Amino acid sequence: MPKTAIVTGAASGMGRATATQLVKEGWDVLALDRVATEFEAHGETVRTTAVDVTRRDDVRDAVAAHVAASGNSVSLVANVAGIYPPSNLADFTEDLYRKVFDVNVLGVLNVTAEAVAHMESGGAVVNFASVDAFTVSPGQLLYGASKAAVVMLTKELALELAPRGIRVNAIAPGWVNTPGNEATGRMAAAAASIPLGRVAQPEEIARWVSILGSPDARFMTGETIVLSGGNVLR
Ligand SMILES: NC(=O)c1ccc[n+]([C@@H]2O[C@H](COP(=O)([O-])OP(=O)(O)OC[C@H]3O[C@@H](n4cnc5c(N)ncnc54)[C@H](O)[C@@H]3O)[C@@H](O)[C@H]2O)c1
């Protein structure tokens, strides 16, 4: 029986690429997104279930329903859903603060809590942080802070879940060829400043979700891997 993976933010960008990668590898994928949509992945139709990750009851219901229907436990969670509106001290609002932290931080906690309730030893969680957790991007005040929180909660959760044999790691992408970045019109200029000379493709970031979820990474937990083509070096 295929193992079950949960992917959030699966309707677009790296979430979609992650769901596609996992389907290719034979996983049973529960694809969650605020938006209900469907797309083709290696001959399969992936349908996203409309769930807002900030609503814990809805996350709980969707995960429990899938587990009951599949008869599987959950082996892998990819917390990809995130929002990145610009903000700075002069223009931030309390509402924007809540939105950014609710989706990027509370969303990770909600999905992880409800997924690990159905997870056995050997399971893995992969969170999406950002290079903005480590370096300052102008105009990304709330986003950078929220992704720094993801890096830290990845460490805390790693410690808390280690006794159950569940690993928690994160990925911090730099520039990726996603619809959101495409819309900025700044990708070509960004590529010129990246030591490896290009932005990443969503598929090569998604591959790292599989690697971190695989037995090859069985001794790694609490880490955040920077994938920036050398643009951000720690
Ligand atoms: N694009 C980049 O270059 C880049 C760089 C570093 C980090 N990241 C992070 O990687 C992740 C994916 O980025 P992307 O550019 O592929 O994203 P994207 O904007 O293409 O897709 C994000 C998806 O998340 C969904 N989503 C948003 N809020 C949600 C909610 N409350 N509940 C459920 N789903 C919700 C959206 O509907 C969308 O389908 C994000 O966490 C982002 O912060 C992106």
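Two strands pair if DSSP finds at least two bridges between them. Keep that in mind as you open this predicted model and start with the sheet.

**First stop: the sheet.** Select strand β2, residues 28–33, together with β5: the two run parallel and pair over two bridges. Now pick out leucine 32, whose bridge partner in β5 is threonine 49.

Move on to the ligand, which sits in the largest pocket. Among the elements around it, α1 (13–24) and α4 (141–161) are the ones that give two or more residues to the shell. Show the surrounding residues and you will have 27 on screen, the closest being Ser12, Asp33, Tyr84, Tyr143 and Asn181. Colour that shell by class to find 15 nonpolar, eight polar and four charged residues.

Next, select aspartate 52: a polar atom of its side chain is 2.9 Å from a ligand nitrogen atom. Then go to lysine 147, which places a side-chain N or O atom 2.9 Å from an oxygen atom of the ligand. How much of the ligand does the protein bury? Taken alone the ligand exposes 840 Å², and the protein buries 92% of that.

Key: Residues numbered from 1 in each chain as written. Predicted model: local features only at pLDDT ≥ 70, side-chain atom pairs only at ≥ 80, totals over all residues. Heavy atoms only, no water. Near = heavy atom within 4 Å. Polar contact = N/O pair within 3.5 Å; in protein donor to acceptor, adjacent residues only side chain to side chain. Areas by Shrake-Rupley, 256 points an atom, 1.4 Å probe, with all protein chains shown as cover. 1 Å grid on protein atoms, 1.4 Å probe; cavity = no way out; pocket = protein on both sides within 12 Å on 5 of 7 lines; lining within 4 Å. Sits in = over half its atoms within 2 Å of the grid points. Helix = DSSP H or I, 4+ residues; strand = E, 2+ residues; numbered from the N terminus. Nonpolar A, V, L, I, M, F, W, Y, C, P; charged D, E, K, R; others polar.
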